[in-house]
Amino acid sequence: MLRTHSQRGMLKWCTIAKLQLRYLSSMGKQCWKCKSLDVQNTFFCASCGVLRESAENENYFELLKLRKEFNIDALQLVKNYRHIQSMIHPDKFAQKSEHEKAIALEWSSLVNKAYKTLSKSIERGKYLLTLDGVSISEKNTSVDKEFLLEMMDVNESVEVAESAEDLEKIASELSVHIELLNSKLIQHFEVNDMDGAKETIVRLKYMTNIENT
């Protein structure tokens, strides 16, 4: 029997709806318990109140209720992090089902990872670059040779330093350079200069590695 135009349209709509439900469920948007698609709250279902399942692609800035920018409010980050952990920490779900305990553990781990990433300037910068589709090679080939030679000289100065005063002087100079680079990094992100931000982050990694030795 041939389907009518309205029947074909209804079948197509149902198919699309099923695919959308599967997609939302896989993204952690559909409530695992009541199947609601109401996502007004990041962590809890607005319909039945259970802890929602986390999604792999949660944006760290959205997760911690911050604007997507490099120059974040550090105090607000700490405040938001502590508030969120007070709601979703696994200890809060000790009397819940095994599934809910597992979800709480996943959320807590994800929030911790997001906090550690956004609380450090280099990691925050790298994450912003990642969101923009820019990656940094471990080989750091984007840095010019002149800078690399300067870093080699600084490393050598650390190795041959004969006193604590010598090391303190080197550390002080490095600290000044790191502050300048952090200021440049803020400017690069403000004007959406991702290439400049990438090069500055690589330089910062070199300097902080020396500073931490």
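Visitor: Is glutamate 98 buried or exposed?

Guide: Glutamate 98 is exposed, with a relative accessible area of 58%. Exposed is over 50% relative accessible area, buried is under 20%, and partly exposed is in between (1.4 Å probe, protein chains only). Before we go on: this is a predicted model, where local features need pLDDT of at least 70 and side-chain atom pairs count only at pLDDT 80 or more, while totals for chains, interfaces and linings use all residues. Residues are numbered from 1 along each chain as its sequence is written, and side-chain values use heavy atoms, with hydrogens and water left out.

Visitor: Fine. Which residue forms a salt bridge with glutamate 98?

Guide: Lysine 101 does, with the closest N and O atoms 3.2 Å apart. A salt bridge here is a side-chain nitrogen of Lys or Arg within 4 Å of a carboxyl oxygen of Asp or Glu. Lysine 101 counts as partly exposed, at 28% relative accessibility.

Visitor: Where do those two sit in the fold?

Guide: Both are in helix α4 (residues 98-119), 3 residues apart, which is about one helical turn. An α-helix has 3.6 residues a turn, so residues three or four places apart point the same way. Helices in this chat are DSSP runs (H or I, at least four residues; strands would be E, at least two), numbered from the N terminus.

Visitor: How many salt bridges does the structure hold?

Guide: It holds 5. One of them joins the side chains of glutamate 123 and lysine 126, at 3.7 Å from N to O. That pair is in helix α5 (residues 121-131), again 3 residues apart and about one turn of the helix. Glutamate 123 is partly exposed at 33%, and lysine 126 is partly exposed at 24%.

Visitor: And what does arginine 203 meet in a salt bridge?

Guide: Aspartate 144, at 2.4 Å from N to O. Arginine 203 lies in helix α8 (residues 194-211) and aspartate 144 in the loop between α5 and α6 (145-160), so the pair ties together parts that are 59 residues apart in sequence. Arginine 203 counts as buried at 19% relative accessibility, whereas aspartate 144 is partly exposed at 31%. Asp144 and Arg203 are also linked with Glu199 in a network of salt bridges.

Visitor: Switching to cysteines. How many disulfides are there?

Guide: A search of the whole structure finds 0. The cut-off for a disulfide is a pair of cysteine sulfur atoms within 2.5 Å.

Visitor: Why is cysteine 31 too far from cysteine 34 for a bond?

Guide: Because its sulfur is 3.6 Å from that of cysteine 34, the closest cysteine sulfur. Cysteine 48 is in no disulfide either, and its nearest cysteine sulfur, that of cysteine 31, is 3.6 Å away. Cysteine 31 is buried at 2%, while cysteine 48 is partly exposed at 34%.

Visitor: OK, the core. Which residues have the most contacts inside the largest nonpolar core?

Guide: Phe43, Leu51, Leu64, Leu118 and Phe189, in a core of 45 residues. A nonpolar core means a set of buried Ala, Val, Leu, Ile, Met, Phe, Trp, Tyr and Cys residues joined through side-chain atoms within 4.5 Å. Helices α2, α3, α4, α5, α6, α7 and α8 each supply at least two residues of this core. Domain 1 (32-119) and domain 2 (145-212) both give residues to the core, so it lies between them. Those domain bounds come from an automatic or database domain assignment.

Visitor: What does leucine 118 touch?

Guide: Leaving out residues up to four places away in sequence, its partners include Tyr60, Phe61, Leu64, Arg124 and Tyr127. Contact means heavy atoms within 4.5 Å.

Visitor: Which residues of α7 are buried?

Guide: Ile170, Leu174, Ile178, Leu181, Asn182, Leu185, His188 and Phe189. The buried residues of α7 pack against α5, α6 and α8.

Visitor: Last one: which residue just after α7 takes a positive phi?

Guide: Asparagine 192, at about 60°. Lysine 35 has a positive phi of about 70°, and lysine 35 is in the loop between α1 (5-26) and α2 (60-63). Most residues other than glycine have a negative phi.
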